[in-house]
Amino acid sequence: MRYNALNVIKQALTGHKDWTPAWRDPAPKPHYDFVVVGGGGHGLATAYYLARIFNKSSVAVLEKGWIGGGNVGRNTTIIRSNYLLDGNEPFYEFSMKLWEGLEQDFNFNAMVSQRGVLNLCHTDAQRDAYRRRGNAMRLNGVDGELLDTAGVRKMAPFLNFDSARFPIKGGLFQKRGGTVRHDAVAWGYARGADSRGVDIIQNCEVTGFRIERGKCLGVETTRGYIGAGKVGVAVAGSSGQVMAKAGMRLPIESHVLQAFVSEGLKPIIPGVITYGAGHFYVSQSDKGGLVFGGDIDGYNSYAQRGNLPVLEDVCEGGMSLMPMIGRAKLLRMWGGIMDMSMDGSPIIDKTGIDGLFFNGGWCYGGFKATPASGWVFAHLLATDQPHETATAYRFDRFRHGRMIDEKGMGAQPNLH
Amino acid sequence: MPSLSALTPLGAAHPKTNQIGTITLTEVTDRALASLTCRNASMPAFSAAASSMGLTLPQAGHWANGKQSAIWTGVDQWLIDAPYGPDLGQDLKSVFGDSASITEQTDAWARFDVSGAARVDLLERLCPAPSRRMTPGMATRSTIEHIGCLLICDADRFRLMCARSYAGSLHHAIFTVAHSLW
Amino acid sequence: MSRVLGGLIDRNKPIQFQFNGKTYGGFAGDTLASALLANDVRLMGRSFKYHRPRGPLTAGSEEPNALVTLGTGVYAEPNARATVAELYEGLSARSQNHIGSLSFDLMAINDVLSPFFAAGFYYKTFMWPKAFWEKLYEPVIRHAAGLGKLSGLPDPDAYEKGYLHCDLLIIGAGPAGLAAALTAGRAGADVILADEDFELGGRLNSETYALGDQSGSAWAIGVLAELASLPNVRVMARTTIYGAFDHGIFGALEQNIGGKVRQTLWRIYTKRSLLCAGATERPIAFANNDRPGIMLGSALRSYANRWAALPARDIAIFTNNDEGHRTARDLRALGANITAVIDSRLDAPKSTDYPIHAGAVVTDSAGRLGLRSVTVQLATGETRQIAAGALGVSGGWNPNLHLTCHQRGRPIWNADLASFVPNTAPVGMLVAGAANGQMTAVLADGMDKALQIMTDLGIVAKAISLPVAEETPVRLTPLFHVPGKGRAWLDQQNDVTVKDVKLAHQEGYISVEHLKRYTTLGMATDQGKTSNIGGLAVMAEMTGKSIPDTGTTIFRPPYTPVSIAAFAGRSAGRDFRPTRLTPSHHWAAEQGAVFVEVGMWLRAQWFPRAGETTWRQSVDREVLATRKSVGICDVTTLGKIDVQGRDAARFLDRVYANGFAKLAVGKVRYGLMLREDGMVMDDGTTARLAEDHFITTTTTANAVSVFRHMEFCRQCLWPDLDVQLMSITESWAQYSVAGPNARALLQRIVDAEHDISNNAFPYMACGQITVCGGLRARLFRISFSGELAFEIAVPTRYGDALMRRMVEVGAEFDAVVYGTEALGVMRIEKGHVAGNELNGTTTALTLGMGAMVSKSKDSIGAVLSTREGMTAPDGLALVGFRPVNPSDSFAAGSHLMAKHGAVNAANDQGYVTSLCYSPHLGHVIGLGLIKNGAARHGEVMRAVNPVQNTETLVEVVSPHFIDPKGERLRA
Amino acid sequence: MIINHPLLGPRDAAEFVYLGDANLMARPDWQAENAADLFYEYLYLRDNPAGLHRELWYHEQGDRSWLVVTRNTVTHEITDVTLARAQRQVQS
């Protein structure tokens with residue numbers, strides 16, 4: 001049944017009897033033209049666009065647990081396209097444009113909310129860097145505004161302007177940035193893909209790749225062998241683990257990123273705000289919780305939980321920037337596993353193995369990329385050619401010295 | 001004698017003392033410091049030189065008292081603490097010669113001594129080091145409000161040392177917490 | 001007043017407090033909730049979605065309903081649980097989440113419209129027309145969001161952090177925790193006993209059963225007195241252990257009463273821990289089970305026994321186990337009229353004191369703002385209305401195993417208790433008593449676990465004598481909800497009903513995580529402490545699987561919500577990070593210098609003089625005076641590293657791209673340090689004081705990371721090299737003295753025996769000298785400004801005096817002191833790169849120093865700097881820019897476009913890294929990076945700055961704007 | 001986390017700075033014929049195991065030792081800590 005106001009009203013009056021499962025629970029078939037490994041946001045989006053844009057009818061998504069259980073299910077929900085480098089900015093803007101029409105496209109309200117993303121700067125050098133970035137955005141046709149202190153004060157008068165250790169000198173504002181209800185993204189893509197014939201198979205872990213003479217023929221799973229014309233892996237967080245089954249070492253480390261949410265509060269913070277002199281960013285959800293985070297813990301981890309130093313560091317930043325949140329209480333904290341790549345940018349590429357494709361290395365920026373990542377990966381799988389916005393996301397860029405290093409931190413994943 | 005006058009780490013002509021409740025907080029400026037590191041494969045000569053000047057070199061996590069005391073700061077490395085003199089580094093170099101790398105550090109550090117019955121209650125609210133379990137002769141690095149410190153346990157006091165440029169912030173941190181105890 | 005006899009409140013200490021503006025009386029020892037109930041106030045809040053009237057469900061920290069805003073103005077704390085808010089004189093609380101009064105909430109219309117607000121309704125609508133989401137739908141939704149309200153003003157209170165170390169942390173001071181603490185305490189172990197409550201004893205304070213010949217609470221008092229006498233035991237009341245982190249580290253939050261600090265956040269380092277957190281009773285869902293007055297049976301006992309408060313005279317009990325009967329006995333003893341005990345079990349115990357309905361269930365309730373009666377379906381199928389102002393519901397106990405899950409431990413199902421019990425716990429943690437599903441002999445369990453831990457730690461411990469407890473084993477027939485037509489609440493705060501779970505199942509949200517996320521079950525401020533199991537049970541019914549096969553929910557920190565300010569402690573506001581002061585800081589402050597934050601440092605940015613109204617006037621004057629005569633600048637913040645050892649030169653040869661082995665003693669050389677990926681990491685000068693002694697300088701920003709990197713090289717790559725490193729940044733006050741009269745000025749400072757003439761002390765010389773009558777000093781003839789310049793260093797304590805002396809003797813030369821702005825102007829004029837150019841994406845080649853990367857030796861970064869992407873002929877290269885029209889300005893961060901053609905990313909040629917007004921040249925100048933830059937000198941380009949809507953014609957020039965041949969600095 | 005420093009005993013991991021896989025100590029020979037490939041693999045490719053991981057930590061707020069810590073990346077359990085310098089010297 002289509003989701004719209006009329007049906008919601010009709011069902012409300014008749015006891016909600018006719019709603020059907022948002023996606024089926026099919027048994028795996030012996031063979032698909034396309035097997036997408038990973039039922040997270042990126043995998044589900046890939047399957048959705050394979051069906052929706054490239055008209056592929058034989059597509060399966062294999063998920064080892066429950067769909068949307070990876071980073072799409074635990075993140076701070078921010079979307080933005082305020083990147084600096086040519087290799088990145090067109091891609092993230094492509095993603096932003098897809099967000100802007102996504103809900104109508106897949107018929108699921110994911111609460112895309114463009115309340116703005118404000119990055120604060122605290123030194124002249126930082127302001128120069130933001131100007132360079134803002135200009136790069138504008139040259140790519142993306143909205144961006146450079147604010148001075150007065151402009152920031154007007155937008156967020158509750159920030160600490162009067163007794164700050166690192167005074168606010170201005171900010172880079174992207175009005176079209178904002179937040180999205182993260183779980184709904186996974187569910188919306190799943191429902192949209194399912195309705196176009198994609199088999200979404202949960203509790204089906206890929207245990208190996210069947211590779212013969214340099215070609216990937218299919219995947220071994222906990223539910224048996226599944227043959228595939230092409231296999232696309234989109235399991236960020238576990239990329240190293242999964243690709244190791246195909247004998248690959250990656251320019252990626254897995255790290256833990258923590259995120260935090262407060263109790264529900266009446267709305268007080270308008271959009272997304274990031275602190276430029278500490279590790280803190282925050283937005284307020286439609287339920288009223290302050291959703292905030294900071295830096296990764298900094299050590300390799302698959303434990304899906306972090307430790308106190310980062311939590312305290314984040315709250316110190318928060319209390320330094322907006323001391324009005326002191327009496328708000330932290331309700332829940334969690335950790336997600338990040339594919340931290342060697343230059344802070346993702347990889348969407350063929351592998352050295354025929355028929356095996358890879359999508360990963362999203363660092364902690366994968367959520368905002370979900371629609372574009374799915375689209376361009378579907379493009380690569382369907383056409384064997386990289387999408388025009390993703391031509392730089394190649395494995396060999398490290399070999400050839402063409403890194404896409406937004407922060408200039410070099411080959412140390414925990415610094416990106 | 002140079003014709004210039006010195007300032008304390010807190011920026012005054014004379015060291016500062018604060019009495020807060022039972023806590024006494026004292027800025028100490030009459031000591032000279034130098035780091036002393038044994039060079040590769042030079043331990044015999046290095047030890048002999050140390051003995052010749054009556055210097056006891058303690059194990060990791062400790063310091064040894066004396067006219068010139070030594071605080072363990074790293075592998076084969078100690079911070080030597082002596083009465084103030086113009087160039088402790090040079091004095092040590094003349095004893096240790098090629099067996100050691102020596103760096104004059106007198107003005108690299110600020111030192112605050114904390115004494116009084118509540119000193120452990122204070123330190124528990126300042127730094128992660130197990131101050132309640134420390135006994136005289138123990139010394140460790142720790143952090144206080146993001147400031148790297150040396151924490152040295154003496155019979156009736158703790159000595160807290162930090163890089164000199166942080167002196168004001170460290171003093172502020174100790175002073176504020178001490179006040180909150182009363 | 002529904003205050004009865006007894007209890008642990010102190011009737012000698014009456015307290016006045018306010019709720020919603022009305023004044024009430026209570027006693028010391030009350031919570032806000034107990035005092036309100038004792039004043040016959042049952043209605044304390046509204047639910048999140050449907051704005052249903054609510055009173056307390058519990059008497060503890062698991063409370064979903066009775067949330068209030070505590071305090072007023074800047075002191076207002078939203079979402080405080082009335083059930084744990086310790087009453088104090090003058091406490092003022094307000095209810096939350098209503099429009100109009102608490103008893104007449106306009107938003108309660110949502111309750112009438114509830115069919116439209118079923119689980120996930122918002123995912124299915126509000127999509128058309130598209131623009132309406134942001135203009136209409138979302139603002140309406142956001143308007144309804146949240147419960148309490150922040151004041152919007154800075155939190156005025158102080159918070160602090162502290163650190164404790166112990167052998168054993170015992171979490172929970174109930175019977176098991178007290179027995180364990182006494183056992184370990186007597187054995188001499190360092191013990192911390194922490195409990196969230198202000199009155200220690202746990203359930204002992206709420207129950208009437210005896211321990212030996214005394215009441216439970218009296219026994220607790222005795223044990224606590226002994227613990228207080230043990231110097232090795234620290235008892236911490238009002239202290240919540242909110243999280244179990246790696247390797248035995250626990251987070252604790254202590255509420256301070258009456259001190260200068262509102263809360264203390266403790267980090268506790270433990271060798272072992274023992275979780276004695278007890279258990280939480282769970283409700284049974286039935287239609288309209290959320291009315292004020294309906295609460296857990298154990299909560300009713302707490303209010304009655306501990307706080308001497310009865311929420312009503314007529315009280316009914318609904319139970320699936322024997323606990324309900326205990327409740328009935330306790331309340332009756334205090335004078336309550338037990339109108340019925342409704343026991344779902346056919347074999348319910350019997351009593352002559354009050355009616356018992358065996359095999360019966362409660363199917364509905366009535367009462368607009370508080371419970372009036374319940375509808376009971378008897379075993380016969382017949383229904384009956386029973387009057388009750390309160391209903392005690394006992395659905396069984398859930399062990400408080402939360403902390404065992406904080407490191408992803410998954411509990412297992414215990415069929416006897418019909419609940420989850422701990423399976424694995426964090427390393428070093430044991431669980432005792434009810435938290436472990438052990439509902440009887442909890443004292444012995446606490447003692448035994450403590451003994452086990454002592455043995456483990458090698459501490460000799462003895463058994464303690466324990467009182468005999470009257471207790472009975474659990475007898476329970478699982479019942480999680482009563483089937484029926486009405487809405488039966490599972491998660492009361494978030495308004496998740498049995499129907500919502502059924503709808504989630506119908507729509508395929510079956511995995512427990514999907515269930516939670518789709519319905520918001522367990523996502524409220526209580527994190528599902530009383531609701532998760534009920535939700536799982538309903539889902540299990542729908543799927544036909546057992547509860548454990550349906551799923552488990554695990555818990556994440558914090559155990560209960562912790563204020564954000566507590567996590568920050570004192571590191572907030574201006575004290576967010578420490579401040580480093582330079583040796584000349586006090587002098588500069590006296591001069592009225594404007595300071596700027598540079599990392600942790602405060603540096604003088606410029607020194608305004610009388611009559612100067614803009615910063616540019618000050619900076620221009622400082623630059624011009626320096627270039628004309630002499631200027632002084634505090635450069636102490638640059639990192640300085642003492643590099644000593646027999647292999648120091650070889651070491652530097654490998655760390656820097658260019659060579660140092662052949663640097664003569666008494667000479668300085670500029671060094672370029674690369675990362676292993678070939679990008680420039682840092683730059684600075686290195687002086688050779690002796691064959692085996694160098695001093696290396698780093699940029700201010702990279703001082704720490706370069707030292708770390710050099711230690712990595714020393715310890716991890718080349719431990720065979722004899723080299724020792726020591727930071728000497730803080731040991732020396734270092735000043736740059738620059739300008740044609742620099743030498744003349746210094747000659748008035750440097751002691752006469754040191755010849756610093758151009759011949760004796762040429763460009764790039766260095767030496768150890770004395771100044772001002774014998775003070776040891778170091779002198780380096782290096783220049784960042786392009787002028788004849790020196791850097792002079794003296795022991796830091798003399799830095800202030802040296803600055804004053806130089807200013808004094810410099811007067812005859814009209815010497816100025818300049819700040820970081822003038823420093824920046826002069827380095828741009830000279831074409832020296834700095835932080836803006838060393839941005840981590842530039843190579844030696846980019847910066848015009850490709851030739852410095854030696855190919856004849858091993859050095860970090862040399863190999864990978866030759867990759868094709870980093871050596872392409874059209875790569876970015878450093879150039880200078882000047883405006884074609886000298887009166888034009890442009891901005892750092894502008895991008896460069898060819899003179900003609902579209903302004904877009906495809907035509908982007910590079911960007912401006914640094915920019916300043918050059919008073920020397922009389923116009924703005926810039927440095928920047930453009931493609932194939934070296935070949936483009938003379939080209940006119942557009943510096944575009946769309947974010948500020950400017951576009952300026954600039955000419956590409958050499959980055960060296962003054963003295964390109966370097967004659968001045970050699971003068 | 002707690003790192004049991006071989007000289008100083010248990011220390012809060014917050015005193016340390018993390019670098020990464022201990023294989024970063026095995027810097028390739030700059031004169032090898034395929035030095036470019038060796039350095040690429042050395043600097044960029046990782047085993048990234050879910051399980052035991054030998055990794056480098058620097059005791060920045062301590063004795064400035066670089067340590068090789070063997071830690072399980074799934075449980076965070078630390079099973080071995082040695083001075084990097086000592087380990088290098090044993091190997092060479």
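**Notebook: chains A and C, then B and D**

I began with chains A and C, and the rule finds 13 salt bridges across their interface; a salt bridge here is a side-chain nitrogen of Lys or Arg within 4 Å of a carboxyl oxygen of Asp or Glu. This is a predicted model, where local features need pLDDT of at least 70, side-chain atom pairs count only at pLDDT 80 or more, and totals for chains, interfaces and linings use all residues. Residues are numbered from 1 along each chain as its sequence is written, chains are lettered from A in the order in which they are written, and side-chain values use heavy atoms, with hydrogens and water left out.

**Entry 1: A against C**

I picked out one salt bridge, between Arg577(C) and Asp313(A), with the closest N and O atoms 2.6 Å apart. I then looked up contacts (heavy atoms within 4.5 Å): 118 residues of chain A meet 121 residues of chain C. The buried area is about 10100 Å², with 55% given by carbon and sulfur atoms; that is the accessible area (1.4 Å probe) the two parts lose on being put together, summed over both. On the chain A side, Leu139(A), Arg165(A) and Arg327(A) lose the most area to chain C, together 10% of what that side buries.

**Entry 2: Ser320(A)**

Next I went to Ser320(A), which sits in helix α8 (residues 308-321) of chain A; helices are DSSP runs of H or I with at least four residues, strands runs of E with at least two, numbered from the N terminus. Is Ser320(A) buried or exposed? Ser320(A) counts as buried, at 2% relative accessibility; buried means under 20% relative accessible area, exposed over 50%, partly exposed in between (1.4 Å probe, protein chains only). Leaving aside residues up to four places away in sequence, I found that Ser320(A) touches Asn160(A) and Tyr275(A), along with Ala572(C), Gly573(C) and Phe576(C).

**Entry 3: helix α9(A)**

I followed α9 (residues 366-383) of chain A and found a bend of about 45 degrees at Ala372(A), taken between axes fitted to the seven residues ending there and the seven starting there. Since 17 of its 18 residues are buried, α9(A) is largely enclosed by the rest of the structure. Just after α9(A), Asp384(A) has a positive phi of about 65 degrees.

**Entry 4: B against D**

Last, I checked chains B and D, where 12 residues of chain B contact 11 residues of chain D. Their buried area is about 850 Å², 52% of it from carbon and sulfur atoms. Trp72(B), Val75(B) and Arg141(B) supply 48% of the area that chain B buries against chain D, more than any other three residues. I found zero salt bridges between chain B and chain D.
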